[in-house]
Each structure stands twice: as structure tokens, then as C-alpha cells.
Amino acid sequence: TFYFTAVIKKQATQKTEEFNPTPDIRGLRVLVCDDNNSSRQLLKDSLEAFGFSAEITSTGNEAIEILKQNRDKPFQLVLIDWKMPQMDGIETIREIRNNSEIPYIPAIIMVSAYSQDEVFNIASKIGIDAFLLKPVSYSTLFDTIMQVFGKELPKRKRAANRGQQLTKEMTQIKGANILLVEDNEIN
């Protein structure tokens, strides 16, 4: 058990970032395939916040079956984890690309907690459209999806600029000991 006191001031103004896809991809159908429940749900929530329609699955085999079954309303994008039991992301992507029963081959973004170097060479040979390293931020996910679909990225202030504006506040906590308690490894 531990106790602490934190004095926190309310920020005077707060700029909210809006993630608005272009009209032609609003409602984009996205399939998320990840064996980690937390990752799967975080990605789904993020996608729905962007106005996309997202479904989730936990295995490569399930993802392939879902893609086969959705002939009338095909998925335009798949977000897939690399390391999964039974059929990993690489094998699943190969099957998606080569399966004649899948009527529409979606764009594919591989998401992994492992180093990009380990998998990027293999994944690029089988045709992924982008690679994201976990944990994935809202802005990185949104920007990557926009790039995959050839859309212009929104102009936003970068985190570095926001950090420079908080120089005074940062000096007040410089050298502080910070205890982080979290049971979710991704967070």
C-alpha cells in the first residue's frame, strides 16, 4: 500500500485533435486480428472513434473465414498482429493474398510489439501496406491508414512543439521519482 498527494491545475485551454477521414473512406470496414484481447479492443475502439466500422477476431484462421463470408460487404482494411499462436500474421497474410475464395483483397497493416527489423523484410515480400509498432497511438494509427489509402495527412502540431510550450512546467518536475502502476503491459 502506498499513498501520495498530487496537486494538479486544470489546463487553461485544451485543443482536441480531430481525426476526420475523408468522406470517401468514412465507414471503412476494418478487420482487426490480434490474439491479445487488450490490443484487439484498443484498436477497435480507436477505429470506431475515427468513424470506421470495425470487427475483431483472435486468430488468423478466423480472419480468413470472416473475409470469405463477407462477399456483399467486403473489408477494405485488415490490421493484423505478427505473433499469434497456430497461424501467425505472415502466414495469414499469405493465405489472404492467395485465397481465391476471398472476393476482395483488403489493404493490410501489420501491427507488432516486436522490432520492425525482425519481420519487415519478410512482410514486405508478401505485400503488407504498412507496419506499426505497438503500442499504437491514435494519431499514428490514423495517419498510417490515411497514407495507405493515399489520403493527404491533416496538419497538426507535433508533440515536440507541445513539449516546448511546457518548458516551465517540465522544470518543476525535473528529477522527480515517478511510480507507474499498471497491470496492462501495453499501457
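# Salt bridges and burial, explained

Guide: Welcome! A search of the whole structure finds 8 salt bridges. This is a predicted model, where local features need pLDDT of at least 70, side-chain atom pairs count only at pLDDT 80 or more, and totals for chains, interfaces and linings use all residues. Residues are numbered from 1 along each chain as its sequence is written, and side-chain values use heavy atoms, with hydrogens and water left out.

Visitor: What makes Lys151 and Asp24 a salt bridge?

Guide: The term asks for a side-chain nitrogen of Lys or Arg within 4 Å of a carboxyl oxygen of Asp or Glu. The N to O distance here is 2.4 Å, so the pair qualifies. Lys151 sits in the loop between H5 and helix H6 (159–165), and Asp24 in the segment before E1, 127 residues apart.

Visitor: Why is Asp24 called exposed?

Guide: Residues are buried under 20% relative accessible area, exposed over 50% and partly exposed in between (1.4 Å probe, protein chains only). Asp24 has 53% relative accessibility, so Asp24 counts as exposed.

Visitor: And how do you know whether Asp34 is buried or exposed?

Guide: Asp34 has 2% relative accessibility, so Asp34 counts as buried. The side chain of Asp34 meets that of Lys134 in a salt bridge of 2.7 Å, N to O. Lys134, at 17%, also counts as buried.

Visitor: What makes Glu101 and Lys68 a salt bridge?

Guide: Their N to O distance is 3.9 Å, so this pair meets the definition too. Glu101 counts as partly exposed because its relative accessibility is 43%, whereas Lys68, at 17%, counts as buried.

Key
Helices (H or I, at least four residues) and strands (E, at least two) are DSSP runs, numbered from the N terminus.
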